[in-house]
Every structure is written in structure tokens, then in C-alpha cells.
Amino acid sequence: GLGAWIAGEVAFPCTMVDRIVPATTPEDRARISAALGCEDAWPVTGEAFSQWVIEDHFPSGRPDWEIGGATFAADVAPFELMKLRMLNGAHSALAYLGYLAGHETVADASNDAVFAAYLHGLWAEIAPTVPAPPGVDMQLHAARLLSRFRNRALRHRTWQIAMDGSQKLPQRLLETVRARFAAGQPISHLALAIAGWLRYVGGTGEDGAPIDVRDPLAVPLRTALDAAGEDASRLVAAALGFETIFGSDLPQLAAFRAALVESVALLREVGARDAARKVAAAARHA
């Protein structure tokens, strides 16, 4: 009887939250404790923007959470997909390429005109794969994302976002790649982002300094990439051998493999910043 009552009366709505919340740093603790006049051992910083989307399924009625800024929707999935691909995908792309180019934070990287132009091109590839949620203009959404990324008050470190890339890439970038190929569309910006990840998990930056790679697959990835040597084709083949990341389909796509090899070679030849510049310029003149 209890189970039947729960099924008929209790709401378990799907939800989606979008807010950039960097990891707390010692500087945050010191600054906020001083402002409060007492010790706050674990303050949480976040951007002014926040979005809370809630599935509008409440059998017995619901609180009026719109007062607090919540959005109710018949289906949360479109909002989640938009966040995963547009925000999270761009975050990861900027984290790897920005880190390799020497940018400590997302704000530093996105305020760099070269990476801003790259982001515009990346979003131009991603947006067609995302059905716009009700009331959302994707161009305005991309412009707002860039403004959020450029917020210098948020010291969101590229190194932090770069963590656990083997777990993040499938949802944030690779599903978009699949959608682009299904539509017969190019992936030059997406391929450069994935190449940036591949270079990052290799464990050595463009300046020759070691990278502190935090990833559950860090050791086997590093072992496979080290064994592949410097050749771009061999490096890509080694990376695509990780089926838990790339699945069984993407490694079989010659166009994907070729785009990734080209991007890896470009990164090695000119570095992350100039590679982003070249990819963005080529797309504008295509």
C-alpha cells in the first residue's frame, strides 16, 4: 500500500542545475573569512548566474519555486543536453587548449582573442546538434556563455576542469562528434579539442614541464601514448584503442581518425594557441 501511494502521490522530478562553481582555494578562505570577520573553513564561490530546471511532474501539486528563479519544463532533457554540449563541452575544450597555451584560468583563456574566436567556431559546430529548449536562442546563449567564461572574479582553473577527461569526453565532446558525422558536417574545432586532451594526458606541456594529470586512466593512457612515440598517426591509434572512451564506432571512422591525426600534428607543429587561431581562421574562410 505504501508503494502504491508513493507511486501515485510523490513527485520524483528530473532536474538540471547550471552554475559555474570553482573549487574552493586557500585564497577564497582567507578573503571570505576576512570579509565575514570570522573563520569560514569551507566557503563556496559561484557566479551570479544560476539556472535550475525542474520537470513539471507533481501529482499532488508543487511549491511556487519560480519565485526563487526555477524554471519548470515538461522535459528537462533538452536543457541538460544544451548544458553538456554547449557549456561543458566548451569548458573542456578551453581547459585543455588553454592549459597547454599557458592560461591558468578559464577567464584568462576566454579573454584571449584567439581562444574567443576559437570558441565561436566551436559553438558553431556544437549548436546544430542541440535542439534548442523552449525560449532559447542558441546564438544569444553562446554569447552569454562567453560572457560567463570571461568573468575574472571566478578563478576557475583550467587544470581543475581538465581532471577526469576520460570520463568527461564521451558526453561533452564525442557525442557531438557522432552527431556532426551523422549530419555530414566537419569537426575541425571539436577535433582540436580532443587532440588537446590527448596532448594533455601525455603528461608534458608545450614548455616541457610535467603535467599533473588527474584521471582514473592516467597511467594506462600515459603508457600507451609513450609507447606510440612522436608520430601523430601512432598517437591517435593508441588513444583510439581505449574503447571505454571512444566506443567501438569512432575508431572505425576514417574521417574521424584523419581529423584527429591532423589536429595532433598541428598542435605539435605550432602549439595550442596558434593551432586554435589556424582552425578558427580556416573555418571562417571555408
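Reader: How do the axes of helix α3 and helix α6 cross?
Author: The axes of helix α3 (residues 77-100) and helix α6 (residues 138-149) come within 11 Å, crossing at roughly 40 degrees. That angle makes α3 oblique to α6. Angles under 35 degrees count as roughly parallel, over 145 as roughly antiparallel, 65 to 115 as roughly perpendicular, and the rest as oblique. Axes are lines fitted to C-alpha atoms, for helices over the stretch in contact, and angles run from 0 to 180 degrees between N-to-C directions. Helices (H or I, at least four residues) and strands (E, at least two) are DSSP runs numbered from the N terminus.

Reader: What should I know about the model itself?
Author: This is a predicted model, in which local features need pLDDT of at least 70 and side-chain atom pairs count only at pLDDT 80 or more, while totals for chains, interfaces and linings use all residues. Residues are numbered from 1 along each chain as its sequence is written, and side-chain values use heavy atoms, with hydrogens and water left out.

Reader: Back to α3 and α6: is their crossing left-handed or right-handed?
Author: The crossing of α3 and α6 is right-handed. A crossing is right-handed if the near helix is turned clockwise from the far one by less than a right angle, and left-handed if anticlockwise.

Reader: Which residues meet there?
Author: From α3, the residues M82, M86, L87, A90, H91 and L94 meet M138, H141, A142, L145, R148 and F149 of α6. The residues of this contact between α3 and α6 divide into nine nonpolar, two polar and one charged. Here Ala, Val, Leu, Ile, Met, Phe, Trp, Tyr, Cys and Pro count as nonpolar, Asp, Glu, Lys and Arg as charged, and the others, Gly among them, as polar. Contact means heavy atoms within 4.5 Å.

Reader: Is H141 buried or exposed?
Author: H141, which lies in helix α6, is buried, with a relative accessible area of 15%. Buried means under 20% relative accessible area, exposed over 50%, and partly exposed in between (1.4 Å probe, protein chains only). Leaving aside residues up to four places away in sequence, H141 touches M82, M86 and V136.

Reader: And what does R85 touch?
Author: R85 sits in helix α3 and is buried, with a relative accessible area of 9%. Not counting residues up to four places away in sequence, R85 touches A90, I126, T129, V130, R172, E175, T176 and A179.

Reader: Changing topic, how do α9 and α10 pack?
Author: Helix α9 (residues 188-201) and helix α10 (residues 218-228) pack at an angle of about 95 degrees, with axes 9 Å apart. They are therefore roughly perpendicular to each other. W197, L198 and V201 in α9 meet L221, R222 and L225 in α10. This contact of α9 with α10 divides into five nonpolar residues, no polar and one charged.

Reader: How do the axes of α9 and helix α13 cross?
Author: The axes of α9 and helix α13 (residues 254-270) come within 8 Å and cross at roughly 60 degrees, so α9 and α13 are oblique to each other. Their crossing is right-handed.

Reader: Last one, how many disulfides does the structure hold?
Author: The structure holds zero disulfides, a disulfide being a pair of cysteine sulfur atoms within 2.5 Å. C14 is partly exposed, with a relative accessible area of 48%, and C38 is partly exposed at 45%.
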